[in-house]
Structure formats: structure tokens, C-alpha cells
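Student: Hi! I'm new to this one and would like a friendly walk through it. Could you show it to me before I start asking things?

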Amino acid sequence: MKRTGMKRSLLTALAAAVFLLCGTMPAIAAINGITGTTFNLTAKSGYISTAEGGSYLAWGYANGNGLMQFPGPTLIVNQGAVVTVNLTNALAVPVSIVFPGQTGVIASGGSQGMLTREAAAAGGTVSYTFTASRPGTYTYYSGTQPDVQVEMGLAGALIVRPGTPGQAYDHADSAFDHEYLFFLSDMDPNIHDAVAAGNLTPDTTSHFAVYWLINGRTAPDTMAAAGAAWLPHQPYNIMPMMHPGERILIRMIGAGRDAHPFHTHGNHHRIIARDGRMLSSAPANGADLGEQAFTTSAVPGSTVDAIYTWTGDKMGWDFYGHAGPGGETGQACVDAGVALAAGESLADHCKPFPVTLPSQETLTFGQFYSGSPFLGAMGTLPPGEGGFNPNGGFLFMWHSHNEKEIVNFDIFPGGLLTMLLIEHPSVPLMNP
Amino acid sequence: MRPSRSFWIGLSIILAACLLSPSWTVAGVNVQCPGDNDGDAQWATAGETQPGNTQCMHLAAGDGFVTMADGHLQYMFGFSDVTGVAPADVMNTGMLAAQFPGPTIKVKEGTNFYLTLTNVGMVMRPDLFDPHTVHFHGFPNAASIFDGEPMASISINMGSSLTYYYTAPDPGTYMYHCHVEATEHMQMGMLANLWVTPLQDGTDPGTNCASQKFVYNDGDGSTCYDVDFPVQIHAFDSNFHDLHVAVQPLPFALMKDNYPMLNGRGYPDTVNTAALPAPGENGGKDSQIVSSLITATVGQKVLLRVSSLSTVDYYTLTVLGIPMKVVGKDAKMLRSSTGTNLSYLTNSVTLGGGETYDVILDTAGVTPGTYFLYATDLNNLSNDSQDYGGMMTEIVISL
Ligand SMILES: [Cu+2]
Ligand SMILES: [Cu+2]
């Protein structure tokens with residue numbers, strides 16, 4: 001299948017991201033969002049873009065008087081905080097917010113709707129107050145005609161942080177070096193087109209998604225910089241980055257109509273919590289009941305927290321490309337003066353690369369291929385090949401394994417897909 | 001297809017004499033298998049010695065035809081096993097030899113596993129020059145170079161070979177598939193079973209396990225089984241395949257499967273223990289050799305290695321009349337981090353694409369007879385418009 005067109009747009013979209021790869025490293029990669037105890041959101045409309053060039057009317061929550069955005073602002077609060085969300089409605093239909101997983105939510109103002117109090121069309125307001133009693137990953141979305149309004153984009157993430165920084169919950173099993181939001185959704189453009197044509201109550205029973213998104217973007221836009229000027233209504237990106245041995249916290253939210261089996265290349269992830277609750281046999285036992293998986297489903301309305309790490313252990317060869325002066329391996333190679341990289345396992349130290357790679361004219365090269373099998377190394381590639389892996393990192397696709405979902409309509413690749421970047425320990429990470 | 005490929009041909013490749021650069025070799029069929037001198041990925045020839053702890057395999061990637069249970073002839077892409085074939089014969093042997101599912105790979109934990117993939121091209125689509133890969137789906141701590149995901153690594157062009165290496169580090173039920181243009185190549189059938197057996201096999205952990213076969217290194221015999229069977233979920237969208245062989249534009253997002261299958265067949269073909277009749281369009285090469293008939297004698301523990309490589313839908317499987325004990329998920333034994341056994345009994349398992357389950361059926365006390373394993377999303381009990389068949393097979397328990 002020809003994919004020349006996609007390659008071009010991949011190159012375009014990634015140019016900004018690669019620029020940022022060379023930047024400096026923040027101490028801990030934080031999830032983009034807004035913090036505090038009082039949030040002023042406005043429901044309004046705007047247009048979201050798909051990576052193959054589509055543009056669709058969407059509704060979303062804006063931060064204050066800002067632009068409508070999808071997903072809505074990620075609300076980041078501290079455990080125990082009394083949180084107030086004031087919603088102003090700039091849409092032509094009533095709108096509300098529900099906070100699944102929060103208890104004791106007090107809604108005030110507006111008028112009573114089916115699931116909660118609603119802000120009236122065209123300027124109405126409503127407020128919600130609750131105590132963020134438990135840490136975890138949660139979602140929020142419209143409780144008003146949600147079949148239409150959530151499809152249109154009125155949904156977001158809520159993160160409640162525990163007292164201990166660098167943890168998702170009150171246990172070291174949830175400690176992380178980097179954390180990323182994976183807000184997984186799907187989109188049926190027919191519904192958006194119907195709303196754009198003035199039908200505010202379109203039929204959603206025949207919903208048939210042809211777009212699949214992470215944090216509101218389709219690949220390769222997922223990997224472009226956060227806040228990219230050309231995606232004004234989709235400010236959140238997703239391109240996880242780490243060094244060997246570091247721990248990534250995956251905060252995954254099923255935010256669409258369908259479940260999506262999310263597959264992490266490179267290694268398993270360990271599920272530590274579901275719906276904001278650690279998988280514990282007892283509070284002191286951490287995530288002892290959490291299972292390891294290479295594919296985990298994001299089920300609509302539910303959340304999963306998982307820890308991903310990658311060490312390269314038991315690879316059977318030295319992925320740093322270390323070589324003993326006399327062919328030594330293991331401790332003998334250390335003794336011969338070849339030091340281990342940080343965290344490298346002694347077992348594979350200085351073991352040679354096990355095969356001979358085919359000659360270049362027999363190969364097709366990926367845009368993220370460095371030209372070398374070794375971490376942190378660059379190899380020679382034919383002109384025009386590679387180019388999006390300036391530090392010789394290892395990249396692994398994280399994607400929906402219902403593979404139909406990694407397209408943008410009829411163009412592959414796209415959709416619910418991003419790349420994990422593992423950089424050499426000496427290379428600073430930039431988390432765009 | 002990469003148009004830029006044509007630009008490389010004829011280029012003289014100057015390689016930097018960098019410490020980190022591996023050496024490069026020439027084009028063509030090229031098996032890399034330690035101790036194998038004649039390139040057939042075996043040690044059958046005089047003078048060849050199989051090194052310890054080493055296993056080799058040679059797969060061809062190409063196209064071919066399979067037959068759906070209602071008789072519909074289906075064009076596909078797939079893998080075939082060319083292990084033991086002389087290099088000069090590999091292209092001819094591998095062409096139009098695609099199998100569905102591909103050859104099962106079974107390797108013992110800790111083995112140095114060399115898998116050579118030769119791209120024999122798509123005979124029915126001479127307009128295409130697609131490369132292929134093997135993705136060892138679920139293998140832990142992988143390196144990009146052997147991950148088979150083409151954006152982050154390399155894929156092999158027509159007429160040439162690429163050798164993958166893994167140590168098969170952890171036991172369990174995995175899968176493999178081509179990852180090039182994954183939506184397309186996987187829908188087209190480049191899918192197969194991949195199992196890693198544990199070091200504990202052949203040992204006695206002090207429990208009653210006469211077979212000395214285990215799913216995992218459980219330490220207590222709790223994953224003991226007597227016989228194991230593949231239960232790999234596939235489904236085809238015949239419209240997609242028919243458009244493909246007709247060289248028409250392909251509908252990705254509108255993909256809709258209408259042939260739900262187990263191990264590449266719909267019921268009742270699933271219970272046929274023989275290879276299905278080879279389509280003439282294949283030149284008589286068998287393309288569906290994996291039966292899904294599950295047989296055991298009363299008292300045996302039956303391991304179902306359940307996996308899904310469906311590209312569109314979730315599926316739920318049940319076994320009518322025999323409880324299903326789930327002992328593993330995604331090639332990991334169900335154990336808490338402190339060692340508590342978290343296996344559980346159920347009547348169904350649900351899989352999205354890319355998930356696996358290890359399910360043990362304990363037939364102690366089970367009345368001999370025929371039991372059914374099928375998709376509980378009952379619309380999947382169909383072969384296109386033939387509304388009896390699809391994702392179902394039989395479990396025959398005898399005395
Ligand atoms: Cu392929
Ligand atoms: Cu896979």
C-alpha cells in the first residue's frame with residue numbers, strides 16, 4: 001500500500017517535536033494541565049484537526065476565557081483539597097459536568113438535569129464543589145445528553161495527587177520518574193457534521209468511529225509539541241520519554257464510545273490501580289494485586305494507572321555496544337576497563353551484537369531508526385532516511401492493537417498511536 | 001512501498017569504521033544460524049553441529065490464498081516455514097505459500113533463537129514492493145532493532161533476508177505478526193502463535209504433575225498441564241481482501257470483519273484435524289494447517305493458549321460445560337507481587353487485539369463427550385452470510 005502522502009505529513013508534524021528533542025530536561029515530566037482549587041471552565045465550540053487534514057466542529061471545556069480545547073483542561077488537584085469548578089455555558093444547549101469517582105459532589109446554580117445540575121444555554125452558569133478525598137486518575141465529562149456532548153468533546157481528566165510527590169498513590173509502588181496522560185477516545189465525524197449543520201440532537205445510535213485519538217490528537221500529531229500553534233484546540237501531546245530503568249506512570253482514561261486495547265511495545269506494564277483505587281490486598285501492600293500486561297484495555301468511563309519500565313535485561317547482547325579489548329564479557333570486561341553504563345546488567349556486558357545486518361539496499365528504514373542497533377549511537381543511513389531520532393534512542397510504538405484504530409480514516413499510519421522514546425542515560429530528556 | 005528505495009540501488013554504501021557499527025552483508029536469501037553451514041537453518045548436513053541452547057527457524061513472508069468455511073476463496077498475506085529449504089529454493093518454495101495462521105513458533109526459555117525472515121514478494125500484487133517484519137509481540141525488554149516495528153527500525157525488502165535474535169527471556173503465550181503497515185498486513189493475515197516454554201519443564205517441583213509440563217516457572221506445579229492447544233482469534237473482512245487482490249483502494253477505517261475464525265478457520269473447518277484442501281490458486285500448497293479441534297482424555301489438564309490478533313473487534317470466548325481456570329495473562333503468571341496465586345475460575349475470557357490468556361481446563365470428573373468453545377458475541381458464529389459456523393470449535397473428551 002502506498003504511504004508516500006503519510007510519510008510527508010509525518011515528517012511535517014514531527015519537525016517541531018524533533019526540535020524539542022534537543023532541548024533541556026525538566027526535573028520531572030509533568031502532565032499538562034491546570035492546578036489549584038478553583039477552576040473556571042467555559043463550554044464552547046471550536047474546530048479540531050485530524051492529522052490527514054480533516055477539520056471538525058467540536059465542543060469542549062475551555063480554561064476561563066481561553067480557547068475551547070479537547071480534551072478539556074486536565075484538572076490537577078491535591079488530595080484533601082476542596083475543589084470548586086464553576087462552569088459557564090457558551091453553547092446553544094444546556095451543559096453540565098459529572099465527576100465519576102468523586103463522592104459528595106455539591107452542584108449549585110443552574111437547573112436540575114437528569115444526572116446533575118446544568119448550566120442553561122447561552123450564558124448559564126453552574127458550580128460543583130467536592131473534596132478530592134482520594135488520590136488517583138479520574139475523568140470528568142458532560143452529564144447532559146452525554147451521548148452527543150461527550151462525542152463532541154466535553155470531557156477531560158482529573159488528577160488527584162497524594163501528599164508524597166512523585167507518586168500516584170500513597171505507596172511507593174506508584175512512584176514514577178515521568179508521568180503521562182493517555183486520554184483515549186474515538187470519533188464519528190458524521191455526528192460532528194450533523195451538529196455543525198444545526199442538528200443539536202443527532203442520532204448517536206449508529207455511531208461508527210473512523211478516528212481514534214490520544215489526548216485529543218491523531219497520530220502523528222500526538223507526537224508534535226504540546227501547545228503547537230497549528231493545533232489551538234488540541235493543546236495536549238503525548239510522546240513518553242525515559243532512560244533505561246526509569247519508571248513511567250501511565251494514566252490511562254477510556255474516554256470514547258469503544259474500548260481500546262492499548263499495547264506497549266518494548267516491555268510489559270504493571271497495572272497498579274483501576275478507577276482511582278490501588279490494586280491492593282491491604283492498604284500497606286501497595287499494588288500487590290496488580291497484574292503485568294502487554295496490552296490493557298481502556299474501557300469507556302474507566303481509568304487505569306500502570307507503571308512501565310524498561311531495562312533491556314536478558315537481551316543477550318550489549319545494547320550499549322560495549323566491547324572488551326580482548327573479547328571479554330561480563331565482569332571480565334569490567335576488569336578489562338570497560339565500565340557498565342548506569343543500570344546495565346552485568347550478564348550481557350560486552351556481549352557482541354548477535355547477527356549481521358543486511359546490506360542497506362535490501363532494507364526499508366523507519367523515520368525513527370538511528371542507523372544503529374545500539375542505544376545512543378548513530379549509524380550511517382542513505383540520504384533522506386531516518387532523521388527523527390537525533391540521539392540514537394530506542395523507540396517503541398504504543399498503540400491500539402485493534403489495528404484498525406491506527407489510521408486516520410483511510411490513511412495509515414495515524415490514529416491511536418504514539419512512540420515511546422528511550423534515550424541513552426547521558427542524553428537529557430525533553431518531554432514536549 | 002517506499003519510492004525512495006529505487007534511489008538507493010546503485011549507491012555505493014560507504015560505512016563508517018565506527019566501533020559501534022555492525023558489519024553489513026550482501027543481498028539475497030541469507031540465513032544466519034550458528035553452526036549451520038549451508039543456509040537451511042538446520043544442522044542436518046554432515047559436519048554441522050547445533051550449538052547448545054540454540055534454535056533456528058526460517059520464515060518466508062509473501063502472499064497466497066485460503067478458503068473460508070463457506071467456500072469463499074480469500075487472498076491473503078502471510079508467513080510460511082522454509083526451515084530446511086536450501087537457500088536457492090527458498091524464493092520458489094515461499095512464493096504463494098502464505099499460511100493462515102503462520103507457522104507456530106515454540107521455543108524454550110533462555111534459548112538463543114535466530115529467526116530469519118525472507119521476503120519472497122507478493123506474487124498477486126506485482127505492483128507492490130512492501131517490506132515485511134516479524135514483531136515478537138509481548139517479548140519483554142525488547143530492542144528496537146528486533147522489534148519489527150518498522151518506524152523505529154528496519155524491515156526487509158523483497159528478495160532479501162533479515163535475521164532476528166532473542167533469548168526468549170520469559171515463558172508464556174505470545175504472538176507474532178508483521179508490523180509493516182500493520183492495519184493492512186495484519187488484516188491480510190500475517191499472524192501466528194509464539195510460545196515460550198519454561199525452564200521448569202521436565203522437572204518435578206514436588207507436586208503431582210506426571211507430564212512435567214508447565215505454563216510458567218510456578219514453583220508449585222499450579223500451572224501443570226498435559227496437552228496444549230492454540231486458540232488464536234482472527235477475523236477477516238472479505239471486502240478488504242477482495243479489493244486488495246483486485247488492486248483497488250483499501251478502506252481502512254470502514255474495515256468490518258465478516259469471517260470470525262479460530263486459528264485461521266471458521267466452524268466446522270475448525271474441527272478438521274487435517275490441513276484444509278490446498279487452493280489451486282496456491283499451486284497446491286497447503287495454507288491452513290492448524291486445526292482447532294481440542295482433544296483430551298478424562299483427567300487430563302488441557303491448556304488453551306488463547307490469543308487475539310483480530311484487527312477490528314473484541315471477542316469473548318466461552319467453554320460450555322467445563323470451567324475455565326485462568327492461570328496467565330499476557331505471558332505473565334497470575335501471581336501477586338508477594339507470590340499469592342491469583343488464578344481464577346471463570347466461564348469466559350474477553351480479548352482485544354494483542355491480548356493473550358492461558359486457560360486450563362481440568363477434565364477430572366468430566367463426562368466424556370463433545371464440548372463447545374465459541375464466541376459468546378453470538379453474531380460471530382457465522383461465516384459471512386452463512387449463519388452457522390464462525391468462531392467455534394469442539395473439545396472432545398474421551399475415556
Ligand atoms: Cu508484512
Ligand atoms: Cu502486536
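Student: Thanks! How many helices and strands does chain A have?
Tutor: Chain A has four helices and 25 strands. Keep in mind as we go that this is a predicted model.

Student: Got it. What does the C-alpha trace of chain A span along its principal axes?
Tutor: It spans about 80 × 55 × 35 Å. The radius of gyration of chain A is 23 Å, close to the 22 Å that the globule rule gives for 432 residues, so chain A is as compact as a globular protein of that length.

Student: And what makes up the secondary structure of chain B?
Tutor: Chain B comes to four helices and 21 strands. For its 399 residues the globule rule gives 21 Å, and the radius of gyration of chain B is close to that at 21 Å, so chain B too is as compact as a globular protein of that length. The C-alpha trace of chain B spans about 70 × 50 × 40 Å along its principal axes.

Student: How much area do the two chains bury between them?
Tutor: About 7,200 Å², with 59% of that on carbon and sulfur atoms. The accessible area lost when parts come together is often used to give the size of an interface.

Student: What about polar contacts across it, how many residue pairs are there?
Tutor: The rule finds 44 residue pairs in polar contact across the interface of chain A and chain B.

Student: Which strand of chain B is joined to β23(A)?
Tutor: That's β6 of chain B, residues 154-156. Three bridges join β23(A) and β6(B), and the two strands run antiparallel.

Student: Which residue in β6(B) is the bridge partner of F365(A)?
Tutor: I154(B) is the bridge partner of F365(A).

Student: Switching to charges: how many salt bridges are there across the interface?
Tutor: The rule finds one across the interface of chain A and chain B, while the count over all chains comes to eleven. Side chains of opposite charge can pair when their charged atoms come close.

Student: Which residues form the one between the chains?
Tutor: D170(B) and K314(A), with their closest N and O atoms 3.5 Å apart.

Student: Where do those two sit?
Tutor: K314(A) is in the loop between β22 (303-309) and α4 (331-335) of chain A, and D170(B) is in the loop between β7 (161-166) and β8 (172-177) of chain B.

Student: New topic, the backbone. Where is the peptide bond from F412(A) to P413(A), and is it cis or trans?
Tutor: It is cis, with omega near -10°. P413(A) is found in the loop between β24 and β25 of chain A.

Student: And what kind of peptide bond joins Y267(B) and P268(B)?
Tutor: A cis one, with omega about 5°. P268(B) lies in the loop between β11 (259-262) and β12 (294-297) of chain B.

Student: Last one: what is the phi of A41(B)?
Tutor: It is positive, about 65°, although A41(B) is not a glycine. A41(B) has its place in the loop between α1 (5-8) and β1 (54-67) of chain B.

How values were computed:
Residues are numbered from 1 along each chain as its sequence is written. Chains are lettered from A and ligands numbered from 1 in the order in which they are written. Side-chain values use heavy atoms; hydrogens and water are left out. Buried area is the accessible area (1.4 Å probe) that two parts lose on being put together, summed over both. A salt bridge is a side-chain nitrogen of Lys or Arg within 4 Å of a carboxyl oxygen of Asp or Glu. A polar contact is a pair of N or O atoms within 3.5 Å; within protein, one must be able to donate a hydrogen and the other to accept it, and residues adjacent in sequence count only if both atoms are side-chain atoms. Two strands pair if DSSP finds at least two bridges between them. The radius of gyration is taken over C-alpha atoms; the globule rule is 2.2 Å times the number of residues to the power 0.38.
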